[in-house]
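Here's a quick tour of how the side chains pack in this one. Have a look at the structure, then read on.

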Amino acid sequence: MEALKDRYNHESLRELALDIQSVYNAFQVDEFLKSTMDETWDDLEFKGRVYQISVNLGKYLPSDYGEALSIIDKVVMNYGSWLDAYGCFFPVFVELYGQDEMNWDLSIGALERYTPYASSEGAVRPFILKHEERMMAQMYAWSKHENEHIRRLSSEGCRPQLPWTQALNSFKKDPTPILPILEQLKTDPSPHVRRSVANNLNDISKTHPDLVAKLAKDWYGKNEHTNWIVKHGCRTLLKKGNREVLAIFGFQDAASIDVTDFALEAASISLGEDITFSFTISAQEATKARLEYGIDYVKSNGKRNRKIFQISEVSLKENEKKPYIKKHSFADVSTRKHYPGTHSITLIVNGVECRKLDFELGTVRK
């Protein structure tokens with residue numbers, strides 16, 4: 001699979017440069033390519049390449065910021081479909097060159113125009129950090145925009161812990177300024193907007209769980225779209241077994257649910273293999289069950305760290321039994337490297353740990 005950073009290569013950057021030259025004849029294609037893809041290029045990851053492209057756009061576009069934006073606008077208008085995949089450096093150009101007070105209106109307008117093609121979610125954050133009250137007023141105005149991409153920007157751009165960007169530490173301490181935007185968008189018809197609202201709630205839940213639990217209780221049960229937002233936005237709290245949040249969705253005490261026949265197919269596996277486990281649940285009375293399992297992974301330093309995985313959510317009738325068989329892979333992936341040692345699998349029902357078994361993860365079989 002192609003690495004994300006490799007979408008920016010000589011071919012794609014030359015295409016970009018020629019597109020710019022088609023609307024700005026003085027653009028120096030070869031010089032731009034040479035300056036951008038310099039001796040540091042191969043070592044740059046995706047974000048580093050985006051910023052390097054943006055810096056060099058500033059070198060070869062006109063020094064007058066407004067004139068440079070007018071050229072970018074023409075490229076966006078003429079090649080919008082191409083920018084959907086490649087154009088996130090244009091909002092970064094605004095971030096790098098347009099934060100001066102004299103350019104405020106030009107920059108805000110540009111971020112709004114570009115975000116339908118390449119999200120401005122990262123580029124708005126320095127504006128929030130410099131002028132929080134003013135920028136959050138703009139974000140709230142965007143939350144009422146007719147374009148779903150701009151409404152999504154109003155939520156995604158102010159997430160306290162948006163991945164791949166700088167954290168908004170003031171919102172980690174006090175997320176209150178975000179709440180009017182989320183209130184405005186909690187019934188939004190766009191699934192893209194709703195997902196952003198849910199992710200924003202999930203970010204907030206990591207530092208203010210009680211606030212999100214209260215919002216969830218107030219919002220849930222009144223609108224189908226809002227119900228989805230609440231459920232997805234509470235996913236971290238659900239994994240942590242937050243009793244107040246579990247109760248909102250009908251997952252009560254697990255005392256009426258029995259777990260039996262919990263077993264591992266093997267007591268040891270090797271790196272790259274699957275571990276298979278099975279169990280049966282039964283209900284003493286009609287109830288709802290949220291079934292999860294935790295893997296206590298061995299880390300590189302020998303300590304262990306738990307990761308929670310969901311199995312299912314099920315409604316059980318009185319005396320009903322349901323058997324389960326589950327596989328879990330121990331093949332290395334980009335987001336997780338595995339280390340040999342004693343691991344554990346713990347079954348969790350409605351946030352309560354029920355059964356636990358150890359197994360050995362060994363090196364790759366020869």
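Are Tyr 8 and Phe 46 buried or exposed? Both of them are buried. Bear in mind that this is a predicted model.

## Aromatic pairs

There are 19 aromatic pairs in the count. Take Tyr 8 with Phe 46: the rings are stacked, 5.6 Å centre to centre with 20° between the planes. That pair ties together distant parts of the chain, with Tyr 8 in the segment before helix H1 (10-23) and Phe 46 in helix H3 (residues 46-60), 38 residues apart.

Phe 27 and Tyr 60 go for an edge-to-face arrangement instead, at 6.4 Å centre to centre and 75° between the planes. Here too the link is between distant parts of the chain: Phe 27 sits in the loop between H1 and helix H2 (29-36), while Tyr 60 belongs to helix H3, 33 residues away. Phe 27 and Tyr 60 are both buried.

## Nonpolar cores

The largest nonpolar core has 73 residues, and the members touching the most other members are Phe 27, Leu 57 and Leu 61. Helix H4 (residues 65-78) supplies the largest share of this core, seven residues.

Who does Leu 57 touch, leaving out residues up to four places away in sequence? Its contacts are Ile 20, Phe 27, Phe 32, Phe 89, Phe 90 and Phe 93. Another core lies apart from the largest one; it has 26 residues, among them Ile 269, Leu 271, Tyr 293 and Ile 345.

Asn 202 sits in helix H13 (residues 191-205). Its relative accessible area is 4%, so Asn 202 counts as buried. Setting aside neighbours within four places in sequence, Asn 202 is in contact with Gly 233, Arg 235 and Thr 236.

Ser 282 is placed in strand E3 (residues 274-283). It is buried because its relative accessible area is 13%, with the cut-off for buried being under 20%. Not counting residues up to four places away, Ser 282 touches Ser 256, Ile 257, Asp 258, Glu 320 and Lys 321.

## A patch on the surface

Val 55, Leu 96 and Tyr 97 make up a nonpolar patch on the surface, and together they have about 210 Å² of accessible area. Tyr 97 is part of helix H6 (residues 89-97).

Technical notes. Residues are numbered from 1 along each chain as its sequence is written. This is a predicted model: local features need pLDDT of at least 70, side-chain atom pairs count only at pLDDT 80 or more; totals for chains, interfaces and linings use all residues. Side-chain values use heavy atoms; hydrogens and water are left out. Patches are made of residues with over 30% relative accessible area and no salt bridge: like charges are joined within 9 Å, nonpolar side chains (Val, Leu, Ile, Met, Phe, Trp, Tyr) within 5 Å. Accessible areas come from the Shrake-Rupley method with a 1.4 Å probe; for residues, only the protein chains shown count as cover. A salt bridge is a side-chain nitrogen of Lys or Arg within 4 Å of a carboxyl oxygen of Asp or Glu. Helices (H or I, at least four residues) and strands (E, at least two) are DSSP runs, numbered from the N terminus. Buried means under 20% relative accessible area, exposed over 50%, partly exposed in between (1.4 Å probe, protein chains only). Contact means heavy atoms within 4.5 Å. A nonpolar core is a set of buried Ala, Val, Leu, Ile, Met, Phe, Trp, Tyr and Cys residues joined through side-chain atoms within 4.5 Å. Rings of Phe, Tyr and Trp (its six-membered ring) pair if their centres lie within 6.5 Å; planes under 30 degrees apart count as stacked, over 60 as edge-to-face and the rest as tilted.
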